Amino acid sequence: MGETQSNSSSIWQEIEQSESYLVCSIYEEAATLASSIIRQLKGSNISDNNEAFDETEVFDMLESAGMVFVQALNQLGRTSDILNELRVLFVSATAIPVQVLLTGACFQISGASSAGVREFLEEFLSNWSLVDGQYYVLVGAGADVGVQDGCDRRYILEVDKYMEVVEVYAVTLLGMTLKDMDSAISWVEKSALPEERQRVLLRRLHSLYSLKTINSSQVPVVSPENNHEAHYSSSKELKGFEGSPKGLEANYLDTREHNTKQTILKLSRRVDPCLWWFRSVNLKFGNVRVVITSGKILLGFLFLLTYYVLRRKGATMNGFVRRQVSAGKKAMVDLWQLAFSYQVNPLAVVQPLPTATRGGR
């Protein structure tokens, strides 16, 4: 038992180390360490050894390491290779944790690297079957004891998790990115989905399809008499018309971008809290490398701003006090000078009053 806890603790320490590399913008090391952890967990069949590791803990380890790996590849500019790299590490698409799969797919779609995403998601979705409308079971794993108990996360998938993949595939990829509404609607209608969720998804797709139809109907139809004039007038019309293919679907594209961003924010909950810290400043002095995160820069700026404000206020208060003291001092000096500048005749008491002039008598 002690050895098992030691092994588990060491793996979690490696995962934390890879996350530290990711936060410090050392993406190559983060990807290498995360992939090594996944190979260690998958290659040694740890997940099948219930005596050594808990199945839930192994799944959490794979998910955490997979999230680090996906984010590191995205930061390295290898977005188009994410799903293929995940397939190599996890052997099959269905073995990839859903959170990791969704994040990788969304990264590729948002990065204009949707090639191969459709086939990958179709392979994943086609290998699960709905059971009693409550959960999905991996095809071919129905006789497994863990599946019968409903507790093995390798072969059991919650409806909500499955529907998240369906939304990314049908709405985000087919409907908004590839603009293949017919295929999206047809796939949803034929798929084994819970009835209520299926109706909601179809209504959403139909609304997007109606929006696209309305925008497309605004394109003017030109029918010239000959092909040469048709080509010339059509080219002129498209060049001068404000509703060119990009302009006509401006509202649709805005809606697509908004929904895509919302989907990515929803599906990559672990990505969002730390993405802000990726922006950092790397300083290198000889063999010494210093990484200054944007958080430290912000704290330093706030400290300098606070110091500047307090110093300005201190200078203002000092000037005010000095002016008041100077005014009081001047008033006291003036009062003192006024009191002792008046000349008094000391013989005025004993001198008689002047007599009146005779003319006055």
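**The whole chain**

Keep in mind that this is a predicted model. Show everything as a cartoon. You are looking at 15 helices and 5 strands. The chain has 361 residues, and 34% of them count as buried. Now think about contacts between residues at least 6 apart in sequence: 62% of these join residues at least 24 apart.

**Stop 1: H4 and H5**

Select residues 82–90, helix H4, and residues 98–110, helix H5. Their axes are 9 Å apart and meet at an angle of about 155°. Angles over 145 degrees count as roughly antiparallel, and so H4 is roughly antiparallel to H5. From H4 come Ile-82, Leu-83 and Leu-86. From H5 come Val-100, Leu-101, Gly-104, Ala-105, Phe-107 and Gln-108. Colour this contact by residue class: 7 are nonpolar, 2 are polar and none is charged.

**Stop 2: H6 against H8**

Next, select residues 117–126 for H6 and residues 159–177 for H8. Here the packing angle is about 150°, and the axes lie 11 Å apart. That angle makes H6 roughly antiparallel to H8. The two helices cross with a left-handed sense.

Show the side chains again. On the H6 side, pick Val-117, Arg-118, Leu-121, Glu-122, Phe-124 and Leu-125. They meet Tyr-162, Val-165, Val-166, Val-168, Tyr-169, Leu-173 and Leu-174 of H8. By class, this contact of H6 with H8 has 11 nonpolar residues, 2 charged and no polar ones.

**Stop 3: H8 on its own**

Of the 19 residues of H8, 15 are buried, so H8 is largely enclosed by the rest of the structure.

Zoom in on Val-165, which sits in H8. Its relative accessible area is 0%, so Val-165 is buried. Which residues does Val-165 touch, leaving aside neighbours within four places in sequence? Val-98, Leu-102, Leu-121, Phe-124 and Leu-125 are in contact with Val-165. Now draw a C-alpha distance from Val-165 to Ala-105. The two are 60 residues apart in sequence but 9.4 Å apart in space. Ala-105 belongs to the H5 side of the contact at stop 1.

**Stop 4: aromatic pairs**

The structure holds 3 aromatic pairs. Begin with Phe-124 and Trp-128. Their ring centres are 5.9 Å apart and their planes stand at 50°, so this pair is tilted. Phe-124 and Trp-128 are both buried.

Move on to Tyr-169 and Trp-187. This aromatic pair is edge-to-face, with 5.0 Å between centres and 65° between planes. Tyr-169 has a relative accessible area of 1% and is buried.

**Stop 5: positive phi**

Most residues other than glycine have a negative phi. Two exceptions are worth a click.

Lys-179 is not a glycine, yet its phi is positive, about 60°. With a relative accessible area of 31%, Lys-179 is partly exposed.

Then go to Asp-132. Its loop runs between strand E1 (128–131) and strand E2 (135–138). The phi of Asp-132 is also positive, near 55°. Is Asp-132 buried or exposed? Its relative accessibility is 66%, so Asp-132 counts as exposed.

**Last stop: Ser-35**

Finish in helix H2, residues 27–43, where Ser-35 has its place. Relative accessibility here is 9%, and so Ser-35 counts as buried. Show the residues around Ser-35. Beyond neighbours within four places in sequence, Ser-35 is in contact with Phe-69 and Leu-89.

Technical notes: Residues numbered from 1 in each chain as written. Predicted model: local features only at pLDDT ≥ 70, side-chain atom pairs only at ≥ 80, totals over all residues. Heavy atoms only, no water. Axes fitted to C-alpha atoms, helices over the stretch in contact; angles between N-to-C directions. Helix = DSSP H or I, 4+ residues; strand = E, 2+ residues; numbered from the N terminus. Parallel < 35°, antiparallel > 145°, perpendicular 65-115°, else oblique. Left-handed = near helix turned anticlockwise from the far one by under 90°. Contact = heavy atoms within 4.5 Å. Nonpolar A, V, L, I, M, F, W, Y, C, P; charged D, E, K, R; others polar. Phe/Tyr/Trp six-rings, centres within 6.5 Å; stacked < 30°, edge-to-face > 60°. Buried < 20%, exposed > 50% of the residue type's maximum accessible area, 1.4 Å probe, protein only.
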